[in-house]
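Welcome to this short tour. Open the model in your viewer, and we will go from stop to stop.

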Amino acid sequence: MPLPRFRLPVRLGGLSLGALLAACGGSGGGSSTPEAPPAPAPSTVAVTLTAPAAQEVFEVDAPLSIRAQVTINGAPASDGTPVRFAATSGTLAAAATTAQGGVATATLTQATPGRQQLTVSATAADGQSATTTRTVYLRPTPWPLEVLV
């Protein structure tokens, strides 16, 4: 028979051992199904129009270069990242293109005078995408001035 002063530590030790076994799942059999690794975080895609400047006025007969900077998770998009350009009217050369060094370009021609909404979107490999827009204005080409004397 143990001495009375040892009963409490022996009981506490037994309780601690029981709690430890319960917390770790019992007798080392482990889980029968392995846990799947966590899914990767979705990409953060950003598109910034770097040209033309917002609210600028351009002549309708001159080609308008559009330039977009694309980043994925804060770094320039890898080569081949799909980028799409759209405009209210006109023809876009390279409307569907890919980023090279994080930059994509297109050229707007044959647009009608007035307000033009330019839209650029990019899509990362995991399907995440971003879109940005910019408004510019196109005016007819002015007639040459004639001086009458």
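Two strands count as paired if DSSP finds at least two bridges between them. Strands (E, at least two residues) and helices (H or I, at least four) are DSSP runs, numbered from the N terminus. This is a predicted model, in which local features need pLDDT of at least 70 and side-chain atom pairs count only at pLDDT 80 or more, while totals for chains, interfaces and linings use all residues. Residues are numbered from 1 along each chain as its sequence is written, and side-chain values use heavy atoms, with hydrogens and water left out.

**Stop one: a strand with two partners**

Select β5, residues 82-87. Three bridges pair β5 with β7 (residues 96-98) in the antiparallel sense; look for Val 83, which stands opposite Thr 97 in β7.

**Stop two: a loop residue**

Next, pick Ser 43, in the loop between α1 (4-23) and β1 (45-51). Is Ser 43 buried or exposed? Ser 43 is buried, because its relative accessible area is 17% (buried means under 20%, exposed over 50%, partly exposed in between; 1.4 Å probe, protein chains only). Show its contacts (heavy atoms within 4.5 Å): leaving aside residues up to four places away in sequence, Ser 43 touches Ile 72, Asn 73, Ala 124, Asp 126 and Gln 128.
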